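Trainee: I am new to this structure and would like to go through it by question and answer. Please start with the strands and then turn to the charges.

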Amino acid sequence: MKKISAFFLALALCFGLAVPAFAADGGAYPTFKAPENSGTIFQAQTMAIKLVGFARSGSNNTHITYGTFQDYGNSGSVRLAPKGVDIVVTGVESAEEIRLCAFTAADLEEGPFEDLSEGMYLFARLFVQESGKDISLLPLNTDDPMEFEYDDPKDGKTLVAGNITPTDAGFQVNGDGDVVLNSERLYELLDEGDLLQVIVGNSFWLYRLSGDPLLVSDVFTDVDTGKWVSDPVAWALMSDITNGTAEDKFSPEQNCTQAQILTFLYRAAREEQVESSSEDMELAVQWAREKGMIDDSFDGNTPCTRATAVSYIWQAFDKPNAQASSFTDVPTDAPYGYAVDWAVEKGVTNGTSDTAFSPEKVCSRGEIVTFLYRAYN
């Protein structure tokens, strides 16, 4: 099966990265928002975070050069921000709480910093805006960025800053409490390969402009973009819920067995981030038995029906209450009835028609990962 270890896992309302590189302050966090049914797969890279910042000197601190250095070590997580995907910051009262910094990566062999080692360094960029003109970044000589020098005119007509607000940068700010850093503007402001630092309070996140997105259709030839199954399959792959049935096949139309859905559920429910393995199916059956989801009559090879699927998912969520639904093919005393009620209210699945739920219809792999995607998002 295909395994892509560079994927960064995220279970957010939209495809998002809700886990910051450095601990979040006050509940604010950024997520990704991709076009619906695009099947976008989000990636991240772990790299040494070495930030090179500006220093001011001279009369009235107008002379700007590089002269500060912060080394965060090798544990930094940099999210790849592809074209067409917006960064949405939630949990802030206004865009003024957010600061944006830009960085360009450069490879240094030597430099003025103490104990400087070879490797990739992130050089902060200066934002400049003359009165009445669009904001832009000052040019940087990536061959020798330490040669950078700039004299701030401080004429009252020119904004010169190492960090700016989303409004300063020209992003459209929503009035619903979310700040949207839309992709089109982001790629106008920065070059592909550059990095954006999003700062809220004492926390920050790093995004690297990565160009064209990686889509689920690039991984599986039988999962087209623009389909209802595109985002769920991408989520299942990123979240290590399930891989394909072959190197380049997901087989969304293949029937799903009860052992398979329990394995998918087990992987989605476990709190620790563990790479999936061949032992998961056995562990999943044991987990389901301990939760009372199955008994000794369980046969994992039995095809999973819609009734069984919603029943397992409902039990995995500890049997929450829900408003009664009204399907003519779901008896009032059906053991899966409460699960159907919850699945409909939660939006996990609706009926197959206005009056029918079709509880005995066998589910495909595509349908099962869609149920799980909706349940966990």
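**Strands and charged pairs**

Mentor: Strand β6 (residues 76–82) is mostly covered, with 7 of its 7 residues buried. Buried means under 20% relative accessible area, exposed means over 50%, and partly exposed is in between (1.4 Å probe, protein chains only). Helices (H or I, at least four residues) and strands (E, at least two) are DSSP runs, numbered from the N terminus. This is a predicted model in which local features need pLDDT of at least 70 and side-chain atom pairs count only at pLDDT 80 or more, while totals for chains, interfaces and linings use all residues. Residues are numbered from 1 along each chain as its sequence is written, and side-chain values use heavy atoms, with hydrogens and water left out.

Trainee: Which residue of β6 is the bridge partner of Ala44?

Mentor: Two strands pair if DSSP finds at least two bridges between them. Strand β3 (residues 44–47) and β6 pair in the antiparallel sense over 4 bridges. In β6, the partner of Ala44 is Arg79.

Trainee: How many bridges join β6 to strand β16 (residues 203–211), and do they run parallel or antiparallel?

Mentor: Ala81 stands opposite Leu209 in β16. Strands β6 and β16 are joined by 5 bridges, and their direction is parallel.

Trainee: What is the order of the strands in the open sheet of 3 strands?

Mentor: The pairing in this open sheet is antiparallel, and the order is β11-β10-β13. Its edge strands, each pairing on one side only, are β11 and β13 (158–161).

Trainee: Which residue in β13 is the bridge partner of Gln129?

Mentor: Strand β10 (residues 127–130) runs antiparallel to β13, and 4 bridges join them. Gln129 has as its partner in β13 the residue Leu159.

Trainee: How many salt bridges are found in the whole structure?

Mentor: Side chains of opposite charge can pair when their charged atoms come close. A salt bridge is a side-chain nitrogen of Lys or Arg within 4 Å of a carboxyl oxygen of Asp or Glu. One network of salt bridges links Asp134, Arg185 and Glu188. For the whole structure, the search finds 9.

Trainee: How far apart in sequence are the parts that Arg56 and Asp152 tie together?

Mentor: Arg56 and Asp152 form a salt bridge, with the closest N and O atoms 3.3 Å apart. Arg56 lies in strand β4 (residues 50–57) and Asp152 in the loop between β12 and β13, so the parts that this pair ties together are separated in sequence by 96 residues.

Trainee: Which helix holds Arg267?

Mentor: Arg267 forms a salt bridge with Asp280, the closest N and O atoms being 2.9 Å apart. Asp280 lies in helix α6 (residues 280–290), so the pair ties together parts 13 residues apart in sequence, and the helix of Arg267 is α5 (residues 258–269).

Trainee: What is the N to O distance in the salt bridge of Asp280 and Arg270?

Mentor: Both Asp280 and Arg270 are buried. Their side chains meet in a salt bridge, N to O, at 3.3 Å.
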